[in-house]
Amino acid sequence: MQDEQVLYESQDEYGPLIVLDDKHMRVLSFGDNDEQSKILKSEPHIPQHTYIQAMLLVLLFIKPKRVIILGLGGGGLIHALRKFDTGIKVTAVELRAQVIELARRYFQLPIGKKLSVIHQDANLFLEQGDHKKADVIFGDIYGADGVDENQLSEAFIANAAGLIKADGYLVLNCWKEHSQNRVLLGHLQKHFCEVRACLTGGGNWVVFAGKVKREISSAGLKSKAHSLSQQLDFTLGRSLTRFNLWE
């Protein structure tokens, strides 16, 4: 970011918390050269990171009424889902109390009855399983050093599957190198019927594990992506070209 200023800087038991700002963008950072979340202040619903754009491809297959987001960050995913459908009930689970506070204070986090933010370890939240089943669970649990290894574990995937409806999806934001992780794929295939994935331009490997098989042609996907792009107010095309079954 050019001409950026530090709006907030602090530390908790997990590391630094920094909010940066320029005239147009606001960034939440967990360390040097780290962009945990980034919003365009005038249009916060347009994702600035390709991995969030890719995670929203799940909307090609399901129109969720209830979602769970594991890892709040600055709330970019919530902003995009709100643009898609203001009626979606969203539960966001975040480990760090200050992250919740910063999302509300600096990142225009929507407030209202449709959004519930829970301060808890996501792994414990899944383990307890004390929540209504969701149509989609988004797993985006990152620290300054990258993806939380628990997000790749069989326990995490099994517990998440237990909280997902019979036709629902688990969407995981991972790194490019996880595309070679056959153990992870095995865990997913054990609990889900169909696994798709998308490699983003930013080097993320976004995984979509579905409880049911959905037959759809590439032409059909393109047509739905065009319509969805209009609803979301940004173009999904680039993500779609890298979106395939993971087998």
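## A tour from a buried cysteine

Select Cys-174: at 0% relative accessibility, this residue counts as buried (buried means under 20% relative accessible area, exposed over 50%, partly exposed in between, with a 1.4 Å probe and protein chains only). The model is predicted: local features need pLDDT of at least 70, side-chain atom pairs count only at pLDDT 80 or more, and totals for chains, interfaces and linings use all residues. Numbering starts from 1 along each chain as its sequence is written, and side-chain values use heavy atoms, with hydrogens and water left out.

**Cysteines**

Stay on Cys-174. The closest cysteine sulfur is in Cys-198, 12 Å away, too far for a bond. Next, select Cys-193. This residue is partly exposed, at 45% relative accessibility. Its closest cysteine sulfur is that of Cys-174, 20 Å away and too far for a bond. The structure holds zero disulfides (a disulfide is a pair of cysteine sulfur atoms within 2.5 Å).

**The sheet**

Show strands β1 to β4. They form an open sheet of four strands in the order β1-β2-β3-β4, with antiparallel pairing. Strands pair if DSSP finds at least two bridges between them. Helices (H or I, at least four residues) and strands (E, at least two) are DSSP runs, numbered from the N terminus. The edges are β1 (5–12) and β4 (37–40), each pairing on one side only. From one strand to the next, the twist averages 10°.

Now select residues 15–21 and 25–29. These are β2 and β3, paired in the antiparallel sense over four bridges. Pick Asp-21: its bridge partner in β3 is Arg-26. Axes are lines fitted to C-alpha atoms, for helices over the stretch in contact, and angles run from 0 to 180 degrees between N-to-C directions.

**The cores**

Select Leu-56, Val-58, Ile-69, Leu-81, Phe-138 and Phe-208. They have the most contacts inside the largest nonpolar core, which has 42 residues. Such a core is a set of buried Ala, Val, Leu, Ile, Met, Phe, Trp, Tyr and Cys residues joined through side-chain atoms within 4.5 Å. Helix α2 (residues 76–84) gives the largest share, five residues. Center on Leu-81. Beyond four places in sequence, Leu-81 touches Leu-56, Leu-59, Val-67, Ile-69, Ile-88 and Phe-138. A second, separate core of 29 residues includes Phe-125, Leu-152, Ile-157 and Leu-188.

**Last stop**

Select Asn-123, in helix α4 (residues 122–128). Asn-123 is buried, with a relative accessible area of 17%. Beyond four places in sequence, Asn-123 touches Asp-148, Asn-150 and Phe-156.

Key
Contact = heavy atoms within 4.5 Å.
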